[in-house]
Structures are given as C-alpha cells and as structure tokens.
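Reader: I have a structure here that I have not seen before. Can we go through it piece by piece?

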Amino acid sequence: MIATLLTEPEERLNGSGGLIGDIGRTISGGPTGKVHLSPSRVSRYLLCPEQYRLYYVEKLRPKVPSGSLVFGQVIHLSLAGFFKEKTDPLKTFQEYWTTLKGIPLDYSKQETWEKLNDAGRGLLEKFMTEEAPKLGTISAVEEPFTLSVTGIDLPFIGVIDLVASVATTVTVVDFKTSGSRYGVHEADMSDQLTAYRLAKPQVERLALCVLVKTKEPQIAWQFTRRTGEQLSDYLAKAGYVGREIASARFYKRPGVWCAWCDYLPVCLGDKRKAEQSLAQIG
Ligand code: SF4
C-alpha cells in the first residue's frame with residue numbers, strides 16, 4: 001500500500017479506500033485502464049526515457065516513499081477539500097498527516113515528520129489568511145480532462161487543481177509545494193500549464209501557486225499566459241513523445257538528475273540495492 005502513495009495528478013482519477021487510499025489513489029493504466037499520455041508522462045519521458053519505462057511500464061516504486069512528495073499530496077488534498085466542500089484545510093491536513101506518523105517515509109536531511117507537520121500548518125494558516133480571500137468564484141476543483149490530439153493515438157489526460165477567479169481574473173491554478181522559491185521563469189516555461197491551457201482554452205490566465213516550506217512559510221504566485229505558437233510547440237512535443245512511447249523507444253539519459261533518481265541502483269546494476277529499495281505495484 002505504501003508504495004502507491006506517490007502518484008501523479010492524473011493517476012488519482014479513481015479508486016479510494018480510507019485515508020491512505022485517498023492519498024494513494026492509483027490507477028495502473030489510466031481511467032480506462034488503457035495506456036495514455038499526460039503532462040507528467042511527457043515530462044518524465046523527456047527527463048529520462050528509461051526512468052519513464054521503470055516507472056510506468058515496470059511499475060517500480062520506492063518501498064519507502066519520499067516524505068516531501070507525500071506531504072505535497074496531503075497539502076493538495078487539504079486544499080481540494082476546502083475548495084470543494086469548505087472543509088477546514090488545517091483539520092484535514094492534521095488528520096492525514098497524523099495518520100502517516102507511524103509509517104516509514106524517506107525524509108531529507110532537513111526534514112522530519114514534526115518539521116513537515118509545522119510547515120503544513122504554517123502554510124495552510126497563511127494560505128487561509130492571506131490567499132483564500134483573493135479567490136472569487138470557483139468553477140472547477142481537481143477537474144479531470146481528456147484531450148484527443150491530432151497525430152497522437154493515445155488519449156491525453158490530466159487533472160486541473162483549480163479554476164477560479166484570482167483577484168477578479170479567471171485563472172487556471174496549479175498548486176506546488178517546494179523547499180525553496182521557484183525561479184521567476186517557472187510559470188512561463190511550465191509544460192504542465194501549457195497542457196492545462198489546451199484543456200481550458202476559454203481561460204487565458206494560468207498560475208503557479210507555490211507553497212514554500214521555509215521556516216517562515218511563504219506563498220508565491222506566478223502568473224502567465226500562452227501564445228498559439230507555444231501551444232503548437234507543446235502539441236508537437238507531446239506527439240513526438242507519444243510516438244516514441246508507442247514504439248517502446250526507451251534509453252538512459254544520464255545527467256545530474258540521476259543523483260536523486262529512485263532507479264539509480266537499477267541503472268548501476270546494483271541488483272541487491274534495487275531489490276532492497278524498490279517494489280513493483282499493481
Ligand atoms: S538513474 Fe539516470 S539514467 Fe537511470 S533511470 Fe534514473 S535518470 Fe535515467
């Protein structure tokens with residue numbers, strides 16, 4: 001069960017089952033059980049095709065999930081509950097995070113369950129006091145989308161965190177949690193936001209809302225828009241990735257990112273360490 005905690009947004013479209021099940025709602029192939037494309041899949045393939053294969057084809061996951069990724073999921077769930085049903089996000093966070101206290105999670109050197117507990121409370125308090133009042137009409141929360149893209153045989157699916165009026169302008173919002181502030185270019189360069197613009201062509205403004213887990217909690221907004229050319233470029237890229245995946249063209253793309261890749265033992269041929277740290281799901 002614990003290996004299914006780390007899910008990407010579009011993998012959370014169905015399934016349930018208690019607190020942990022809610023966090024780890026996982027589908028193996030997609031909402032229809034068939035292979036699909038998604039913003040996360042495209043990004044992972046472009047980072048490293050072998051990492052894509054090990055994650056989506058072999059379905060290997062760390063036996064002990066990353067504390068910060070699970071923390072991000074809990075923050076997402078807490079905010080989604082608030083936007084959908086007006087539940088108290090602090091209460092939701094505390095319930096989920098307390099449930100996870102006895103479960104082994106892989107915390108970074110700077111992080112512990114207690115520190116993330118304080119960070120989650122601080123961030124959500126700040127969000128409710130300073131950011132929530134800026135939000136007007138909410139038109140979608142955790143809304144799934146499916147796009148049929150010309151030239152791509154696979155369905156392209158995703159989940160949009162929030163569509164809401166932010167300081168009076170209707171905006172597609174993607175929430176992120178991070179250990180440090182995002183670079184100023186992040187929203188302008190985000191493929192994920194480009195995909196959301198394709199899914200919501202009527203909404204011109206896009207935003208990242210980054211909840212930064214610094215000692216003093218920070219919440220930073222980055223707003224952006226997309227041109228027709230940027231949308232075409234992304235479609236061409238997604239089409240390329242879709243064709244490569246359909247042809248099972250997977251190869252290692254080594255780089256600095258290998259240092260924090262869960263699959264490094266596999267690529268190094270360290271079978272014992274790979275068996276110790278990874279498990280197959282589904
Ligand atoms: S260790 Fe590097 S090459 Fe191997 S899967 Fe991970 S990112 Fe790719």
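Reader: Are Phe127 and Phe175 buried or exposed?
Author: Phe127 and Phe175 are both buried (under 20% relative accessible area; exposed is over 50%, partly exposed in between, with a 1.4 Å probe and protein chains only). This is a predicted model, in which local features need pLDDT of at least 70 and side-chain atom pairs pLDDT 80 or more, while totals for chains, interfaces and linings use all residues. Residues are numbered from 1 along each chain as its sequence is written, and side-chain values use heavy atoms, leaving out hydrogens and water.

Reader: How many aromatic pairs are there?
Author: The count is 16 aromatic pairs. Rings of Phe, Tyr and Trp (its six-membered ring) pair if their centres lie within 6.5 Å; planes under 30 degrees apart are stacked, over 60 edge-to-face, and the rest tilted. The ring centres of Phe71 and Phe93 are 5.9 Å apart and the planes stand at 80 degrees, so this pair is edge-to-face. Phe71 is in helix H4 (residues 67-85) and Phe93 in helix H5 (residues 89-99), so the pair ties together parts 22 residues apart in sequence. Helices (H or I, at least four residues) and strands (E, at least two) are DSSP runs, numbered from the N terminus.

Reader: Which residues do ring pairs link into a cluster?
Author: Tyr45, Tyr52, Tyr55, Tyr56 and Phe250.

Reader: New topic. Why is strand S3 largely enclosed?
Author: In strand S3 (residues 156-166), 11 of the 11 residues are buried, so the rest of the structure largely encloses it.

Reader: What does S3 pair with?
Author: Strand S2 (residues 135-147) pairs with S3 in the antiparallel sense over 9 bridges, and strand S4 (residues 169-178) pairs with S3, also antiparallel, over 5 bridges. Two strands pair if DSSP finds at least two bridges between them. Ala140 stands opposite Val163 in S3, and Ser165 has Val170 in S4 as its bridge partner.

Reader: And what lies between S3 and S4?
Author: The two strands form a hairpin with 2 residues between them, and Ala167 in the turn has a positive phi of about 50 degrees.

Reader: What surrounds the ligand?
Author: Cys48, Glu50, Gln51, Lys252, Arg253, Trp257, Cys258, Cys261, Leu264 and Cys267; each has a heavy atom within 4 Å of the ligand.

Reader: Where is pLDDT under 50?
Author: Residues 1-6 stay under 50, as do residues 13-32; pLDDT is the predictor's confidence in each residue, from 0 to 100. Where pLDDT is low, the predicted coordinates should not be read in detail. The protein chain averages 89.

Conventions: Contact = heavy atoms within 4.5 Å.
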